[in-house]
Amino acid sequence: MSKDQGSNIREVAALAGVSIATVSRALQQPDKVRPETRKKVFDAVRQANFVPNAQAASFRRQSNNTVILLVRDIGNPFYLEIYKGVEEAAGEAGFKVLMGDARNDEHRVATHIDMVRQKHADGLILMTGQFPSELLDQGDALPPIVIASETVPGLALPTVKVDNRAASINAMRYLIEAGHRRIVHLAGPVPESLAQERFDGYRDALAEAGIAYADELLVTGDYSIEAGRQAIASLLEGGIAFTAIFASSDQMAIGAISELRGRGLSVPADVSVIGFDDIIFANAFEPPLTTVRQPRQEMGRKAMALMVDRLNGKRTAETIVLDTELVVRGSVAPCRPLHR
């Protein structure tokens, strides 16, 4: 602390009639100071025009400089780059970031929203398709929430995402141009909006190419490796014919490839596969996975920027849509005769 800052904090302590330690505690941990004492300190801070740093300024509004990044599944490497982006932007703005695990459970989402209401955190960056139905109509009464990657129908909040439908159409076109017609879609948990948007793109690309949609080629899951394995096992055991797979996540794509290999099939010689996300393992897998790349670090930075705007009083429900890229690697080949 500089000499000027030290003098200023002593002035605040004198004006409030408390110790310097109490002033520091009121600014840094306001929930641990009695309300009447906290008010005295904040009044004195305003009177002395005391702004030693961004952290103290934020605590004058009873902030603890913490934002929660709540993800669908903390074990999914998809979220690592997003966390990096959030953490970088948060650090620049004087905030720290905690990551929470929703575990695909809307009750856990409600718990984290309550944490923000109770001032254990300043805001919540939500990356899960679940949202407590009883809170959907609260609108401006909700604490500061920003949505990233996902969308929640009926909830007008600041959002940063990609155009999932357009990205899916682009991926499907690549498979169709390679001659594939019997294309499996390993979808997320439809009708959640993220899964639905990617499924809509899948169907739109089929229609665009004049290919009839076949319900037997749709399998839903939770974006996990195990969901990909189980989907392929079910298709093969059911005698469903296909030559290609478009998966709603890289994890599902990796699980699908593992199951295909375990059953003596080769990728891409027998079955071509495209994933979604471009997680860290996509390029290290064998074969390297063709996938839709999301600008995840940029998504994290923009989500945190929207949160800072929200915490500074901006109430508009801005939606930022980022571009995707189809990264072509080694998991797609020209169509061969149908696998049965």
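## Aromatic pairs

The structure contains five aromatic pairs, where rings of Phe, Tyr and Trp (its six-membered ring) pair if their centres lie within 6.5 Å. One of them joins F199 and Y202: the ring centres are 6.3 Å apart and the planes meet at 25 degrees, so this pair is stacked (planes under 30 degrees apart count as stacked, over 60 as edge-to-face and the rest as tilted). Both residues belong to helix 8 (residues 193–208), where they are three residues apart, about one turn of the helix. Helices here are DSSP runs of H or I with at least four residues, strands are runs of E with at least two, and both are numbered from the N terminus.

This is a predicted model, in which local features need pLDDT of at least 70 and side-chain atom pairs count only at pLDDT 80 or more, while totals for chains, interfaces and linings use all residues. Residues are numbered from 1 along each chain as its sequence is written, and side-chain values use heavy atoms, with hydrogens and water left out.

Y213 lies in the loop between helix 8 and strand 7 (218–220), so its pair with Y202 of helix 8 ties together parts that are eleven residues apart in sequence.

Together, F199, Y202 and Y213 are linked into a cluster by ring pairs. F199 is buried at 8% relative accessibility, whereas Y213, at 24%, is partly exposed.

## Charges over rings

The charged end of R203 sits over the ring of Y213, 4.0 Å from its centre. R198 lies over the face of F276, at 3.6 Å from the ring centre. For such a placement, NZ of Lys or CZ of Arg must be within 6 Å of the ring centre and within 35 degrees of the ring normal.

## The whole chain

Stepping back, the protein chain has eleven helices and twelve strands. Its C-alpha atoms fill a box of roughly 85 × 40 × 30 Å along the principal axes. Of its 340 residues, 53% count as buried.

Terms used: Buried means under 20% relative accessible area, exposed over 50%, partly exposed in between (1.4 Å probe, protein chains only).
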